[in-house]
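Work through the exercises below with the sequence and the model open.

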Amino acid sequence: MPVAHCVSSTAGTILVADSNFCRLLQRPHAELIGASYRSITVAEDLDKSADMLGSLVDKAAPTRLRKRYWRPDGTTVEVDLLVSRFDAAGHLVSTLSWREDEAPRDTPLRMWKAALRLKHLYSLKMEEFGRELFGDFPGLILLDLYLAEAEGRLALVADVAGSTGLPVDSVQRWLRVLAQRRLVQSSDGTASVQLGHDGLGKIERLLTAALQPVD
């Protein structure tokens with residue numbers, strides 16, 4: 001199940017898009033950046049796209065939406081979107097998933113639930129068997145950052161410490177190690193932190209594997 005990401009404005013202009021978003025729409029990066037979502041959305045889905053954008057004005061929680069995009073060859077692709085406000089400037093971040101070759105549909109909602117379950121199992125293992133021997137603190141921190149992004153909220157270092165049960169200075173030490181591995185990155189001028197490109201890809205591959213049935 002492929003996953004793509006893009007950042008847009010509340011006006012619907014695409015500002016940033018990753019390579020998977022370009023692959024999804026089968027369009028070059030230069031063609032998408034600066035384009036309006038209206039130009040690539042199937043006409044019948046424009047109204048619900050507009051309603052979704054309107055609902056984000058005073059809404060902190062992410063909004064889920066299923067819609068169809070046009071490809072240059074005239075075919076369409078149906079995607080599941082998880083969209084949330086990114087900052088006060090009105091930027092929106094979207095996570096898109098779609099089905100290829102009849103693969104199981106691992107939607108952003110299922111990925112989010114898988115992250116919650118995995119974080120719970122990490123925490124339970126540490127409590128049952130002892131944090132000293134069975135503590136996977138980097139994994140717990142990365143999952144917490146993934147959940148913050150999926151839920152459309154900033155991940156402050158203090159909040160990560162509270163969520164993982166670690167002292168703030170321990171979280172900061174782990175974050176420095178994770179940043180050296182290009183798994184996380186800090187937001188300039190703030191106390192917030194987020195997954196880096198490599199970190200996001202690795203966590204999503206882990207969650208996708210967790211959703212696959214075992215023969």
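**Exercise 1. Overview**

How many helices and how many strands are there in the protein?

Solution. The model is a predicted one. The protein has 9 helices and 7 strands. Of its 215 residues, 45% are buried. Next, take the contacts with a separation of 6 or more: residues 24 or more positions apart account for 51% of them. Finally, the protein exposes about 11500 Å², and carbon and sulfur atoms supply 54% of that area.

**Exercise 2. Strand β5**

Find the strands that pair with β5, and state the sense of each pairing.

Solution. Start with β5 itself, which spans residues 91–97. Strand β1 (residues 3–9) pairs with β5 in the antiparallel sense over 7 bridges. Within β5, L96 stands opposite A4. Strand β4 (residues 76–85) also runs antiparallel to β5, joined to it by 6 bridges. Here S94 in β5 is the bridge partner of V83. As for cover, 6 of the 7 residues of β5 are buried.

**Exercise 3. The faces of helix α3**

Which residues in α3 are buried, and why can they be said to line one face of the helix?

Solution. The buried residues in α3 (46–55) are L46, S49, M52 and L53. Seen down the axis of α3, they fall within an arc of 120°, so they line one face of the helix. D47 and D51, on the other side of α3, are exposed. The cover over the buried residues includes β3 (63–70), β4 and β5.

**Exercise 4. An aspartate in a loop**

Decide whether D45 is buried or exposed, and list its contacts beyond four places in sequence.

Solution. D45 sits in the loop between α2 (29–32) and α3. The cut-off for buried is under 20% relative accessible area. D45 has a relative accessibility of 5%, so D45 counts as buried. With neighbours within four places in sequence left aside, D45 is in contact with K67 and R68.

**Exercise 5. A valine in helix α8**

Describe the surroundings of V171.

Solution. V171 belongs to helix α8 (residues 168–180). Its relative accessibility is 0%, so V171 counts as buried. Not counting residues up to four places away in sequence, V171 touches I141, V157, V160, A161, T164 and L166. Take I141 from that list: V171 and I141 are 30 residues apart in sequence, and their C-alpha atoms are 7.9 Å apart in space.

**Exercise 6. Two packed helices**

At what angle do α4 and α9 pack, and which residues meet?

Solution. Two packed helices are described by the angle between their axes and the distance between the axes. For α4 (residues 108–129) and α9 (residues 197–211), the angle is about 90° and the axes are 9 Å apart. That makes α4 roughly perpendicular to α9. On the α4 side, R110, M111, A114, A115, R117, L118 and Y122 take part; in α9 they meet E204, L206, L207, T208 and L211.

**Exercise 7. Positive phi**

State the phi values of Q26 and R182, and how accessible each residue is.

Solution. Most residues other than glycine have a negative phi. The phi of Q26 is near 55°, a positive value. Q26 lies in the loop between α1 (19–25) and α2, and at 42% relative accessibility Q26 counts as partly exposed. The phi of R182 is near 65°, also positive. R182 lies in the loop between α8 and β6 (184–186), and at 60% relative accessibility R182 counts as exposed.

How values were computed
Residues numbered from 1 in each chain as written. Predicted model: local features only at pLDDT ≥ 70, side-chain atom pairs only at ≥ 80, totals over all residues. Heavy atoms only, no water. Buried < 20%, exposed > 50% of the residue type's maximum accessible area, 1.4 Å probe, protein only. Helix = DSSP H or I, 4+ residues; strand = E, 2+ residues; numbered from the N terminus. Pairing = 2+ DSSP bridges. Contact = heavy atoms within 4.5 Å. Arc of directions from axis to C-beta. Areas by Shrake-Rupley, 256 points an atom, 1.4 Å probe, with all protein chains shown as cover. Axes fitted to C-alpha atoms, helices over the stretch in contact; angles between N-to-C directions. Parallel < 35°, antiparallel > 145°, perpendicular 65-115°, else oblique.
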